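Student: I'd like to learn how to read a model like this one. Can we go through it together?

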Amino acid sequence: MIESLTFRNDTNKNLTFIVPLIYVEKTINDNVNKMGFGVQQLNFTDINGDPLFYQPLLLNMPSVTEKIDIENKKYTISNLRLKLSNAKYNGKRLSDNFNLLINANISIYYKTQNANILEACLKVYQGKITRIQHNEKNINLSIEDSTQEKLHKNIPINKIPDTEDIAKD
């Protein structure tokens, strides 16, 4: 179900322009660090509506697949790999901020031509960066889906106490 009315309206038109936006957020010592990446530079917003500059360092379009096995009660979203440029941008390399990436929360959105805030974009993925590999040219991020953490329930949820108050049949 597409929750963004802007995305739904824009994709029903004859001409559609969709770009991926990568939003990364990590809290270190009560300080929230935010970064944005895309295929083009963009002054846009973060999830709170605050201004955020999206750096044009994204080298590949992310693809997300999901699989639901109703018979075996299994839900799977693929782990994701993103490739970012490690070239100097505004005098810095992305690998200079290595600590801001590892274990950071990451969200992937698709932005259409009329979306002017991140909330108007379609959120397609949410996960956590689990592994980083880099060289002079590229940074490869391995991202694990965070849906499993939210859907997982420890069983049994409730336990019956070991008392004699329980009625015996």
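**Reading the fold, step by step**

Tutor: Start with burial, where buried means under 20% relative accessible area, exposed over 50%, and partly exposed in between, using a 1.4 Å probe and protein chains only. Here 36% of the 169 residues of the chain count as buried. This is a predicted model: local features need pLDDT of at least 70, side-chain atom pairs count only at pLDDT 80 or more, and totals for chains, interfaces and linings use all residues. Residues are numbered from 1 along each chain as its sequence is written, and side-chain values use heavy atoms, with hydrogens and water left out.

Student: How many helices and strands does the chain have?

Tutor: Helices (H or I, at least four residues) and strands (E, at least two) are DSSP runs, numbered from the N terminus. This chain has two helices and 10 strands, and along the sequence they read α-β-β-β-β-β-β-β-β-β-β-α.

Student: What order do the strands take in the open sheet?

Tutor: Two strands pair if DSSP finds at least two bridges between them. The open sheet has eight strands in the order E3-E4-E2-E1-E8-E9-E10-E7, with mixed pairing. Its edge strands are E3 (42–45) and E7, each pairing on one side only. E3 and E4 (residues 51–55) pair in the antiparallel sense over four bridges; the bridge partner of Thr45 in E4 is Pro51.

Student: Which residues touch the most other members of the largest nonpolar core?

Tutor: A nonpolar core is a set of buried Ala, Val, Leu, Ile, Met, Phe, Trp, Tyr and Cys residues joined through side-chain atoms within 4.5 Å. The largest one here has 22 residues, and Val24, Ile129 and Leu141 touch the most other members. Strands giving two or more residues to this core include E1 (19–28), E9 (122–134) and E10 (138–145). There's also a second, separate core of 11 residues, with Leu42, Tyr54, Leu118 and Cys121 among them.

Student: And what does Leu141 contact, beyond its sequence neighbours?

Tutor: Contact means heavy atoms within 4.5 Å. Leaving aside neighbours within four places in sequence, the partners of Leu141 include Leu80, Leu82, Leu84, Leu101 and Ile129.

Student: Ser142 comes next. Is Ser142 buried or exposed?

Tutor: Ser142 sits in strand E10 and counts as buried because its relative accessible area is 13%. Its side chain makes a polar contact with the side chain of Arg81 (2.9 Å). A polar contact is a pair of N or O atoms within 3.5 Å; within protein, one must be able to donate a hydrogen and the other to accept it, and residues adjacent in sequence count only if both atoms are side-chain atoms.
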